[in-house]
Amino acid sequence: MRKIIVFDLETNGIRNCSVLSISAIKLEVDVENLSIREIGKFDRYYYRNPGESINYGAINVNGLTDENISILRKDRNYSKYFDEDHDFEEFCEGVTHFVAHNISFDSQFLNRSEERRVGKECRSR
């Protein structure tokens with residue numbers, strides 16, 4: 001059995017900016033029996049870091065205005081800012097493979113330990 005995470009980030013720009021959302025699905029893959037089973041989901045929305053300007057080019061792509069983020073967060077109880085939320089690290093425990101549309105872009109925003117793990121997995125293929 002292999003554990004795989006398929007994930008996507010939305011950000012407020014290209015470099016040195018806030019992560020506005022992260023969505024991920026954790027899968028257990030049985031390569032011998034050719035079966036896949038979902039074993040977890042991670043879906044969160046975050047505000048721009050204090051003092052960071054709105055990047056209208058990014059917002060035009062992802063639609064994550066401050067108002068939309070507030071609506072999507074509802075009354076959920078987790079960190080307001082991605083950099084302060086370490087729950088994704090726990091979600092990734094035991095995972096050996098990561099999949100993303102543009103993993104070189106998305107992985108740069110993950111915390112350093114997770115970024116090293118994702119990068120190592122990509123380079124080993």
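Visitor: Is Tyr46 buried or exposed?

Guide: In this predicted model, Tyr46 is buried, and its relative accessible area is 1%. That value falls under the 20% limit for the buried class.

Visitor: Which ring does Tyr46 pair with, and what is the geometry?

Guide: Tyr46 pairs with Phe82. The ring centres are 5.4 Å apart and the planes stand at 75 degrees, so the pair is edge-to-face; planes over 60 degrees apart fall in that class.

Visitor: Where in the chain do Tyr46 and Phe82 lie?

Guide: Tyr46 belongs to the loop between strand 3 and helix 1, while Phe82 belongs to the loop between helix 2 and helix 3. The two residues are 36 residues apart, and their pair links distant parts of the chain.

Visitor: And Phe82, buried or exposed?

Guide: Phe82 is buried, at a relative accessible area of 7%.

Visitor: How many aromatic pairs does the structure hold?

Guide: There are eight aromatic pairs. One of them joins Phe42 and Phe91 in a tilted arrangement, with 5.5 Å from centre to centre and 45 degrees between the planes.

Visitor: What does the pair of Phe42 and Phe91 tie together?

Guide: Phe42 is in strand 3 and Phe91 is in helix 3, so the pair ties together parts that are 49 residues apart in sequence. Both Phe42 and Phe91 are buried.

Visitor: Which residues do ring pairs link into a cluster?

Guide: The cluster consists of Phe7, Phe42, Phe88, Phe91 and Phe98.

Visitor: Turning to charges, which ring does the charged end of Lys26 sit over?

Guide: The charged end of Lys26 is placed over the ring of Phe91, 4.8 Å from the ring centre. Elsewhere, Arg73 lies over the face of Tyr78, 4.4 Å from the centre of that ring.

Definitions and conventions:
Residues are numbered from 1 along each chain as its sequence is written. This is a predicted model: local features need pLDDT of at least 70, side-chain atom pairs count only at pLDDT 80 or more; totals for chains, interfaces and linings use all residues. Side-chain values use heavy atoms; hydrogens and water are left out. Rings of Phe, Tyr and Trp (its six-membered ring) pair if their centres lie within 6.5 Å; planes under 30 degrees apart count as stacked, over 60 as edge-to-face and the rest as tilted. Helices (H or I, at least four residues) and strands (E, at least two) are DSSP runs, numbered from the N terminus. Buried means under 20% relative accessible area, exposed over 50%, partly exposed in between (1.4 Å probe, protein chains only). A charge sits over a ring if NZ of Lys or CZ of Arg is within 6 Å of the ring centre and within 35 degrees of the ring normal.
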